[in-house]
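Have a look at the sequence and the structure first.

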Amino acid sequence: MSKTKAWIHAFRLRTLPLALSSIILGSLIAASYNQFNSIIFILAITTTLFLQILSNLANDLGDSISGADNANRVGPERAVQSGDISKKEMKNMLYVFITISLTSGSFLIYEAAQIINLQEALVIFAIGILAILAAINYTIGKNPYGYMGFGDLFVFIFFGLVGVLGCYFLHTGDLHWDILLPASSVGLLSTGVLNLNNMRDIENDAQTGKRTLVVKIGSKAAKNYHLIILSLAMLLAIAYSIIHYKSIFQFIYLLSFPLIIRHMNTVIKNDEPQKLDPELKKLAISCFLFSLTFGIGTLL
């Protein structure tokens, strides 16, 4: 594999639509209140993409160092583990993406400074720093939280609450409690993707000491947990639409629900973890479609 192809592979582009879900939803909800800044939208997208790639690269390096990436691992082969990219090269690329994430995020806050005050801008900047640290410390460091079963919580917070509420705030300079409902929906769907990934890797993770939530509670409980969080995601979205009902067209996002329900049925019947790998892409796409159609529905 050429070096260019190796880096593209390491970036794990298939994860990017999931990362964009919260930005799209937060921006479209802001647009429904007639408050939308195209520059903020573009900068939010680029910052989020850089952070997601940073997280993917950090995971590649961290799992290689810990031994979680090995010949027994299910799923796409990682760049460092395969030898296509050295640990030193990966570390250097991490510094590159930390730098460009900070740069893009700083421009984003600068643009938003037209409608938010200095104190609010500093809070947003601090959250951005936390997002970078969260991306790195999932698998890297003395006590990576992904190895202690806290990955689900961090995904829910950053892919859901921070992504949707933060993006909405940058557009509007305001927050409404009820936006927590669709923000939680995206967070729960994103958490479902991580849970699915961990169900797929349960055997290898257990053997290498990666104590994910799935490893801690077991496959059967993980399946029930999966059904609960995805069902709750759908119910919270419906609750928001009922509270803000204007037109039946607001419920256009229901078109994504059959995909999610079909996925849930596949997971509950599964008895071979490795066969869950194709479901990762399906659930990530379902989350993206949900965010897009839900956001469009708020405009109708």
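Rings of Phe, Tyr and Trp (its six-membered ring) count as a pair if their centres lie within 6.5 Å; planes under 30 degrees apart are stacked, over 60 are edge-to-face, and the rest are tilted. What you're looking at is a predicted model, where local features need pLDDT of at least 70, side-chain atom pairs count only at pLDDT 80 or more, and totals for chains, interfaces and linings use all residues. Residues are numbered from 1 along each chain as its sequence is written, and side-chain values use heavy atoms, with hydrogens and water left out.

**Aromatic rings**

- Going by that pairing rule, there are 16 aromatic pairs.
- Take Trp 7 and Phe 11: their ring centres are 6.4 Å apart and their planes sit at 40°, so this pair is tilted.
- Both residues belong to helix H1 (residues 3-11), four residues apart, or about one turn of the helix; helices here are DSSP runs (H or I, at least four residues), numbered from the N terminus.
- Trp 7 is buried at 14% relative accessible area, and Phe 11 is buried too, at 17%; buried means under 20%, exposed over 50%, and partly exposed in between (1.4 Å probe, protein chains only).
- One aromatic cluster is made up of Tyr 240, Tyr 245, Phe 251, Tyr 253, Phe 257, Phe 290 and Phe 294.
- Lys 216 puts its charged end over the ring of Phe 150, 5.7 Å from the centre; the cut-offs for this are NZ of Lys or CZ of Arg within 6 Å of the ring centre and within 35 degrees of the ring normal.

**Helix H5**

- H5 (residues 87-112) has 26 residues and spans 37 Å from first C-alpha to last, close to the expected 38 Å; that expectation is 1.5 Å times one less than the number of residues.
- Its buried residues include Met 90, Phe 97, Gly 105 and Glu 111.
- Among the elements covering the buried residues of H5 are H1, helix H3 (38-66) and helix H7 (151-172).

- Leu 230 lies in helix H11 (residues 219-243) and is buried, at 0% relative accessibility.
- Beyond residues up to four places away in sequence, Leu 230 touches Leu 188, Leu 189, Gly 192, Ile 260, His 263, Met 264 and Leu 283; contact means heavy atoms within 4.5 Å.
- Thr 48 sits in helix H3 and is buried at 16% relative accessible area.
- With residues up to four places away in sequence left out, Thr 48 touches Ala 19 and Ile 23.

Note on methods
Helix = DSSP H or I, 4+ residues; strand = E, 2+ residues; numbered from the N terminus.
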